[in-house]
Amino acid sequence: MINKRDFVASVGLAGVMLPAANAIAAPGNKAGNAQPVLLTVSGAVGKTNRGALDPVIDQMMGKHSIQFSKAFAFDAAALQRLPAVTIKPTLEYDGKPHTLEGPLLVTVLEAAGVPRGSNVQLGLRAVDGYNVAISLADAAQYRMIVATRIDGQPMALGGLGPQWAVYDADNVAPFKDKPVKERFALCPWGMYHIDVKAAA
């Protein structure tokens with residue numbers, strides 16, 4: 001269950017830098033103004049703005065056995081430029097509704113060159129190694145968002161951020177009638193990588 005994830009012990013994050021710590025100029029940023037990357041999308045993407053995984057710089061990705069020859073990287077500004085939606089699910093952590101804001105996951109993937117309706121599987125990876133497999137069709141049906149803000153504040157690393165792939169579980173048919181603590185297993189907080197694979 002997602003609420004049983006041990007953020008530090010499972011990976012030993014001490015001394016491991018986010019792979020996004022290398023600054024990459026996301027589209028729209030001028031050279032010299034590059035910001036740290038917060039989300040990397042690799043695999044069957046139609047657009048790229050970075051090269052292969054670097055085993056020296058991309059330490060966390062390497063520890064999570066992620067490999068790619070090219071990818072699309074988003075910094076905070078690139079994610080903020082995408083149209084945002086707002087959801088207000090009841091969260092398992094305190095049993096209260098919270099306001100979450102961010103672009104739809106399908107919108108993020110579309111910006112990386114993954115057309116809506118593509119027959120692909122997604123691997124949503126969190127900083128502690130938690131990995132969720134979900135189809136793009138299901139992510140679209142659930143109106144999953146890449147939340148970057150909670151209750152009006154940016155999501156922090158060490159909390160639920162920098163991004164949280166999440167849906168409004170109070171109003172999504174497969175989850176709304178489940179106990180709150182059983183609604184979010186498909187929703188990795190601390191998400192930093194999405195692997196896109198053609199469905200078999």
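Predicted model: local features only at pLDDT ≥ 70, side-chain atom pairs only at ≥ 80, totals over all residues.
Across the whole structure, a search returns seven aromatic pairs. In one of them, the ring centres of Tyr93 and Trp164 lie 6.4 Å apart with their planes at 50 degrees, so this pair is tilted. Its two members are 71 residues apart and link distant parts of the chain: Tyr93 sits in the loop between strands S4 and S5, and Trp164 in strand S11. Tyr93 is partly exposed, at 39% relative accessible area, whereas Trp164 is buried, at 0%.

Another pair, Tyr142 and Phe175, is edge-to-face, with 5.1 Å from centre to centre and 80 degrees between the planes. Tyr142 and Phe175 are both buried.

The largest pocket has a volume of about 300 Å³. It is lined by 17 residues, and those closest to its centre are Ala76, Gln80, Thr148, Arg149 and Pro154. Helix H2 and strand S5 each give two or more residues to this lining, which comprises 11 nonpolar, four polar and two charged residues.

The second largest pocket holds about 200 Å³ of space. Among its 15 lining residues, Gly123, Arg125, Asn131, Asp195 and Lys197 are the closest to its centre. S6 contributes the most to this lining, with four residues. By class, the lining of the second largest pocket has four nonpolar, eight polar and three charged residues.

Definitions and conventions: Residues numbered from 1 in each chain as written. Heavy atoms only, no water. Phe/Tyr/Trp six-rings, centres within 6.5 Å; stacked < 30°, edge-to-face > 60°. Buried < 20%, exposed > 50% of the residue type's maximum accessible area, 1.4 Å probe, protein only. 1 Å grid on protein atoms, 1.4 Å probe; cavity = no way out; pocket = protein on both sides within 12 Å on 5 of 7 lines; lining within 4 Å. Points joined across faces, edges and corners; volume = space filled by probe spheres on them. Nonpolar A, V, L, I, M, F, W, Y, C, P; charged D, E, K, R; others polar.
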